[in-house]
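Work through the exercises below with the sequence and the model at hand, trying each task before reading its solution.

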Amino acid sequence: MTKPRGLIQHTFSGLKKDPLGMTGFVLVSIILLLTIFAPWLAPYDPLDINVNNRLSSPSAAHWLGTDQLGRDILSRVLFGGQVALKVSLVAISVSMAVGLVLGMLAGLGPRWLDRILVILFDTVRSFPTIMFALAIVALTGPSLNTVIGVIIITSIPVYARVVRTQTRALRERDFILAERAMGASTGRILRDHVLPNIAAPLFILASMDVPAVVGMEAGLSFLGLGVSPPTPSWGSILNDGYSYLRNSPWPIIAGGIPLIAITLGFTFFGESLRDIFDPKLRRKDQ
Amino acid sequence: MNPPVLDIQGLSINYQTELGPLQALRDVNLVVPEGKIIGIVGESGCGKSTLISAIIRLLAPNAQIKQGSVNFKGKDLLSLSPEQMRSLRGDEISMVFQDPMTSLNPVLTIGRQMSDVQHRNTSSRSEKNARSLMMLERVGIPDPETQLQRYPHHLSGGMRQRVAIAMALMAEPALLIADEPTTALDATLEVQIIHRLKELQREFGCSILFISHHLGVIAELCDEVVVMYAGEVVESGSLREVFIDPKHPYTQKLLECDPARIAQPTRELPVIEGSLPNLVNLPAGCIFRERCSHAMTRCSAERPVLSGGHHQAACHLLESSP
Amino acid sequence: MSTLLTVRDLRVRYSVRGGFVDVVHGVSLDINRGETTAIVGESGSGKTTLAMALCGLAPIHGGEVRLDGEMLKQDRKNRLNPDRKRVALMFQDPVGSLNPRMTVRRALAEPFRIHGSDAQSPDKEALRLLSMVGLGDDFADRYPHQLSGGQARRVGVARALALRPDVLIADEPTAGLDVSIQGEILNLLSRLQKEMGVGILMITHNLNVVRHVADQMAIMYLGRFIEQGNSQQIFDQPRHPYTAALLSANPSPDPDAQSSQIELKGDVPSLLQRPSGCEFHTRCPRAKVQCRNAFPELTATNGNQQFNCFFPMGE
């Protein structure tokens, strides 16, 4: 398969030609950097309460103002990014991995297995996410891990379905038959022929899923089902800000901006990636 | 003598690509007289698809008409507005495409599609259906009443192609363009359809522009033949003139390569050495020079033009002979 | 032994809604070393299914196949299991039979990787194979969609012959190719056949090609061979009316030739409703009452031409 260095070069040359994709990439990079380096970049401790300075507007000392407990919003947003990052990384990688396995089983395995799995996927998907989260929280209590767990369970069927459809389509393709005619084992076919042809769509789906996952976490935390105070998450910042909207709009604005930025960034970037990695879009001489 | 139905003069079309302009058609002349069947012979890359797209004005967005005119019954199609062009399509100019699997709408019944084609007609639905039935009979479809109710996927490829021909001829167009209509079909079906097309043409009197790389079918159907190579017309004339006495080296080679023509069975089939030239970086001189066994010095410098009377070919060899 | 593959009374049956279809309905043939046998038929004749069955990609319902005298066994799904190093398959769609995300080099290395060869490294073998089919080294790093039809076909030939198989089954090797390129591919196959002694089974509907490259041929209709034997003999004197119709349907580009095409009535019948008696009677211009009522037994002429017909041509 392609060497990593070649892969990166190829990605960059593709991005250079696509301004939207480049914008997305830049946005994503900025957010990632800010998030990873939050502990060094944040001017204040996000948990630092200062009741004298509640709900203040942006100023030189507090670039995004303060929340209802006088905590610096900017710092909370930066650290909230870490929560978002952790949730998306963990949730998406696990869902993708499990979804990949289940999807391939459904797509390539015997008919009866496929039927059972599809019923399973559809059943899980038919539960409204919030209800599901409420049910789990009732059992385990609200926490970040609950949020991650709920997101994983509701995301697996989505990835699995995509993998299943792609795998089934591939199954009858001539080049798969050619491999079987050459005597290739099922394992080899899965590894060398099915996987590379479904991996790209899968990764791109994942990158476009980041905003959704972050949004889900924000939503669940907004409802109080996720992160427990005082830990900052974008959702809890929005929650707090909602109650005090009449006093100051800044918590809402501050909580919303990163969500918008991450949605736009990953969407543009993901779409650009999809085009870059479609071999058919390469010119004849590349 | 009536003016020709189609008269293409000096048509040159480029495609804008990342590597530069691709000269898909260069100075193409083509005449389709009234009531005649003209065949275009050419292999992949000869520009026939571009030519057809230009005639019906459905070129790709990156296509650029550098020069030339496409006169249909005296009107230059290239200067018509989209609305004017649309009124001609399906009425005076109709088309049959190569792939019978995709040229019909899979979610509409045959009857519905055949009525839709008659949308310019203000007659009632039953009158339109009657006309559809008549056309289906004409193209030799058995039990036409039942077929009107069916969907395309119920019909075989041969039947679908016949329906496509029926739809194309229903408006009694002046010009029918058939783009490889039988290439995707089995040989025995091809025979049926070609015979049918011949009968219908005699009956309706329309002109047909028939594109195919199947030389046997061209010989069966066409009155005149135009041979295209890499975007140029290299030879044209009546069927007999071109097929029995080919003048251009490419035509000669092409006819030699057709296994049907080779009387003695052989394990070493003739080929045309080399490959298609790069249409972005056009070689100087004759377009066929690199693959021609008769190439002279003049051929790399000067581009030959069509010469001769009714039977024309673009080759320096012809000009040098007295 | 000169006969590599013997097929006797092979059957492939699929269940469908409404019953079952016998796509291959009792087919027998021999493939010999260094010879080319062509199976000719139109869409729906079952010729591609026959090719798939011989390579173990379709289940067998009956009959037996022997490779070098040894009978091939079936797996749990009733598929044959020939030694893949000895029986190779070339697909009809040259670009589609290559993994779109794999370079040509990688695709050509596959047979070696699968069967673990102790020859030179798979990559070196890939380059050797490219030159064997007349493609330069620069093709190694191309992707399938960057190849023309003829180039992709050559890659297919190279991949199929990589391990020097005894039998090569080629499904429509000239389909979709321009006439000037068809010759190149066929010449390539002939040359390699002479060098390697491989027996070729060619599935095609292009009779003009068969006349030149096939030693033996069989004409297939609704899953059966209705005529088979030495191809030259059959071309000179076809006995079965369907064979005659097929031959006449491929006119030579000769404007002076009389239009002698035999036009067959109607369409190919559905496999779900096979006609009674001689299955071709519904379309045959020579059919008589007897043809509807009884199945014509095999007639063999001198030489090895065989056919099933009550009223063959030339009588």
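## Exercise 1: a leucine in a helix

Leu102(A) has its place in helix α4 of chain A, where helices (H or I, at least four residues) and strands (E, at least two) are DSSP runs, numbered from the N terminus. This is a predicted model, in which local features need pLDDT of at least 70 and side-chain atom pairs count only at pLDDT 80 or more, while totals for chains, interfaces and linings use all residues. Residues are numbered from 1 along each chain as its sequence is written, chains are lettered from A, and ligands are numbered from 1 in the order in which they are written.

Task: decide whether Leu102(A) counts as buried or exposed, and list what Leu102(A) is in contact with, leaving aside its neighbours within four places in sequence.

Solution. Begin with the criterion: a residue is buried if 20 or more other C-beta atoms lie within 10 Å of its own, exposed if 12 or fewer, and partly exposed in between, the C-beta atoms being placed from the backbone. Leu102(A) has 22 C-beta neighbours inside 10 Å and therefore counts as buried. Next come the contacts, for which the C-beta atoms of two residues, placed from the backbone, must lie within 7 Å. With neighbours within four places in sequence left aside, Leu102(A) is in contact with Leu117(A), Ile156(A) and Ala160(A).

## Exercise 2: two helix pairs in chain A

Task: for α4(A) with α11(A), find how the axes cross and which residues make the contact; then treat α6(A) and α7(A) likewise.

Solution. Axes here are lines fitted to C-alpha atoms, for helices over the stretch in contact, and angles run from 0 to 180 degrees between N-to-C directions. The axes of α4 (residues 73-108) and α11 (residues 250-276) of chain A come within 10 Å and cross at roughly 30 degrees. Angles under 35 degrees count as roughly parallel, over 145 as roughly antiparallel, 65 to 115 as roughly perpendicular and the rest as oblique. α4(A) and α11(A) are therefore roughly parallel to each other. α4(A) passes α11(A) in a right-handed crossing, a crossing being right-handed if the near helix is turned clockwise from the far one by less than a right angle, and left-handed if anticlockwise. On the α4(A) side the contact is made by Ile73(A), Val77(A) and Gly81(A), and on the α11(A) side by Trp250(A), Pro251(A), Ala254(A) and Pro258(A). To sort residues by class, count Ala, Val, Leu, Ile, Met, Phe, Trp, Tyr, Cys and Pro as nonpolar, Asp, Glu, Lys and Arg as charged, and the others, Gly among them, as polar. The contact of α4(A) with α11(A) then has six nonpolar residues, one polar and no charged.

For the second pair, the axes of α6 (residues 129-140) and α7 (residues 144-171) of chain A come within 10 Å and cross at roughly 135 degrees. That angle makes α6(A) oblique to α7(A), and their crossing is right-handed. Residues of α6(A), including Phe132(A) and Ile136(A), meet Thr146(A), Gly149(A), Val150(A) and Thr154(A) in α7(A). By class, the contact of α6(A) with α7(A) holds five nonpolar, five polar and no charged residues.

## Exercise 3: chain B against chain C

Task: find how many residues each chain gives to the contact of chain B and chain C.

Solution. Chain B gives 37 residues and chain C gives 31 residues. On the side of chain B that touches chain C, the largest share, six residues, comes from α7(B). By class, the residues of this side divide into 19 nonpolar, nine polar and nine charged.
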